[in-house]
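This report goes through selected local features of one protein model. Please keep the sequence and the 3D view at hand while reading.

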Amino acid sequence: MTDPATGPVFTDDYWRSPFTVLAGVREQAPVREVELPEGGSTWLVTRYADARTVLADPRFVKDFRNTLPPEQRGAVPGLPSPGGDMMLMNDPPVHTRLRKLVVKAFTVRRVAALRPRVEAMAGALLGGMPTDAPVDVVAEYAVPLPTGVICELLGVPPDDRVAFGAWSTT
């Protein structure tokens with residue numbers, strides 16, 4: 001096993017047991033630079049308090065181009081689509097503009113009203129899982145539940161939800 005404080009993170013050990021590897025990183029080097037599997041590097045923040053600090057600090061950016069002088073930004077390609085087009089992968093002012101488009105769907109009242117439906121979806125997904133065989137929890141629960149919730153928020157008709165899920169994955 002590699003050293004969690006200084007060694008590579010995204011090794012075979014990580015892909016077999018990510019929680020174990022990340023627990024070691026969190027214990028020995030909770031904020032550290034890591035090499036990405038596709039090349040390049042980024043900062044890995046593994047403690048909640050540190051993550052809140054980073055997310056609230058405007059000195060930290062999601063789009064590296066925002067660290068460049070304005071006259072250089074346009075000449076440098078950004079993150080590849082579709083990831084580079086997602087609201088969560090953008091900094092202000094792009095993030096702010098996109099957030100304004102969806103913020104009304106996530107009011108406290110709207111989310112509270114959706115709770116019974118989310119609980120019913122969660123129960124149906126759990127109830128549909130086999131009890132006598134292994135289950136891919138990500139494919140059978142962790143992906144369909146948030147997709148279903150988003151479909152509810154957006155008013156996607158039930159007949160279109162499978163297609164919506166495929167579009168989201170793409």
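## Basis

The model is predicted, so local features need pLDDT of at least 70 and side-chain atom pairs count only at pLDDT 80 or more, while totals for chains, interfaces and linings use all residues. Residues are numbered from 1 along each chain as its sequence is written, and side-chain values use heavy atoms, with hydrogens and water left out.

Helices (H or I, at least four residues) and strands (E, at least two) are DSSP runs numbered from the N terminus. Buried means under 20% relative accessible area, exposed over 50%, and partly exposed in between (1.4 Å probe, protein chains only).

## Helix α2

Helix α2 spans residues 18-28, and V21, G24 and V25 are buried in it. These residues lie on the same side of α2 because they cover an arc of only 100° around the axis, the arc being that of the directions from the helix axis to the C-beta atoms. On the face turned away from the buried side are the exposed residues F19 and E27.

The cover over the buried residues of α2 includes α1 (12-16), β1 (31-35) and β2 (41-45); contact means heavy atoms within 4.5 Å.

Strands β1 and β2 run antiparallel and are joined by 5 bridges; two strands pair if DSSP finds at least two bridges between them. E35 stands opposite S41 in β2. The hairpin has 5 residues between the strands, and G39 takes a positive phi near 110°.

## Cis peptide bond

P92 and P93 are joined by a cis peptide bond, with omega about 5°. P93 is in the loop between α4 (70-73) and α5.

## Salt bridges

The whole structure contains 6 salt bridges, a salt bridge being a side-chain nitrogen of Lys or Arg within 4 Å of a carboxyl oxygen of Asp or Glu. One of them links R16 to D13, with the closest N and O atoms 2.9 Å apart. Both residues lie in helix α1, 3 residues apart, about one turn of the helix. R16 counts as exposed because its relative accessibility is 62%, and D13 is partly exposed at 26%.

R161 and E152 also form a salt bridge (2.9 Å, N to O), and both R161 and E152 are buried. Salt bridges with shared partners join R117, E152 and R161 into one network.
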